[in-house]
Amino acid sequence: MIAGLAWLNEPCLPVDRTAAAAARRRQDQLTKPRGSLGRLEELAIRLAGLQGKAMPAADPVQILLFAADHGVAAEGVSVFPQSVTNQMVHNIARGGAAISVLATALGARLEIIDLGMVADPGPIEGVRSERLGPGSGNIAREPAMTSEQQAGAMNSGRAAVERAIDGGARLLIGGEMGIANTTPAAALACALLERPPADLVGPGTGLDAAGIAHKTEVVATALALHATPGSTPMELLGRLGGFEIAALTGAYLTAAQRGLPLLVDGFIASAAALAAVRIQPDVRDWLLFAHSSAEPGHRVILEALDADPLLQLGMRLGEASGAAAAVPLLRLACALHQNMATFAEAGVSEG
C-alpha cells in the first residue's frame, strides 16, 4: 500500500435497499401506469437507495474540476499546446467556459483544483492550488507519477469530496481539464481492460486519421513499458494515469465510502471510475452515468462497467459538461417522485 492511502481499505457504504423499496412502492402508487415514466422512475428509486431516503433529492449539486498537464503531450498527441490548460483554467474561473456556464445555469457549486500545470500560474481567484509538480511524466518514456504524487492526487480528490459533504452536497460530479489527457485515459483503460490501443484511442480534441494512428502507437509504447503482467490497478493508475485522473479516482472512492451519489461524465472521468471500481468493486453501486461521449473508447468503458448512460448528445468536451447536462433529468425524476399525487390522494381509480 502506498504511504498515505490506508483509507483505500475502508469499505463502501451499502445501498439502502429498504429506502429503495419504499421509493418503488411510492412509484407504483402514483397516478400513472406503472413504469410509464421509464428511467425517470428508476432514477428516483436509485437515488433513494443511495441517499437512504424514500424521497430523494438531487440538490445541492457539487462539481469538482481537477486540472493538470501531461508529459505525454511532448509526443504530439494533441492538436492544442499545453498552454491551453492554463488558459482554460483561467477561463473556467472567470465563468467563460462551458462548465462555468452550466454550473451557473444549474445553480451548482463549482470547485476548481490545480494539481499541476506545466507553468505555475500563481494565485488565481476561484482556484485552489494543490500542485504536485509541473504536470505528470511522459508515459511513453517514464511513469506518470511517483508514489508520493499519486498519493497526493488521490488525497486531493478525497479532501475535495469531504469538503463537498461538509457543504451539504447530495450529488457529486467530477470533471477534468488537461491538454492530452485522453492519451493517459486511453492507456489506463487499455491496461485495466486488457484491450488493444485501437479499441480505445480516439481523436480527442480533433486529431485526424494520421494523428489517431500516431496516438495509438504512443499508447502502445506506454503499455509495453508499464502494463506488466500482474500489475495492480493502483500500480497501473500511477504509471499510466495523470494527476487529475488519480484525483478523480480518489474522489469516486471517497464518495462511495461516504455515501454520496456520483454522476459520471465522459471518457476521462469514466476511465477514472473504471480504476476506482477495479480498486474497490462496490464503488460501482454509487455510479450514475450521464452520457455516452463521442470519443469512441468511451463505449468500451461503459460496456465494461455495465453502464447505461442517460444521454447521447455527441458531446466530447470533458470539463464535466456532459454530466452537468444530465442534472435536470435527476431533478425532474425527484420532482415527479415527490410531487405527483397517488391514486388515493387524487381519487383516481387504479383500474
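Which residues touch the most other members of the largest nonpolar core? They are M154, L240, Y252, L263 and V283, within a core of 116 residues. Such a core joins buried Ala, Val, Leu, Ile, Met, Phe, Trp, Tyr and Cys residues through side-chain atoms within 4.5 Å. Buried means under 20% relative accessible area (1.4 Å probe, protein chains only).

The model is predicted: local features need pLDDT of at least 70, side-chain atom pairs count only at pLDDT 80 or more, and totals for chains, interfaces and linings use all residues. Numbering starts from 1 along each chain as its sequence is written, and side-chain values use heavy atoms, without hydrogens and water.

Helices are DSSP runs of H or I with at least four residues; strands are E runs of at least two, and both are numbered from the N terminus. Contact means heavy atoms within 4.5 Å. Beyond four places in sequence, the contacts of M154 include L5, W7, M234 and I279.

Helix 11 spans residues 297–304, and its buried residues are G297, H298, V300, I301 and L302. Their cover includes the elements below.

| Element | Residues |
|---|---|
| Helix 6 | 182–193 |
| Strand 6 | 287–289 |

Helix 10 also belongs to that cover. Just after helix 11, D306 has a positive phi of about 50°.

Technical notes:
Buried means under 20% relative accessible area, exposed over 50%, partly exposed in between (1.4 Å probe, protein chains only).
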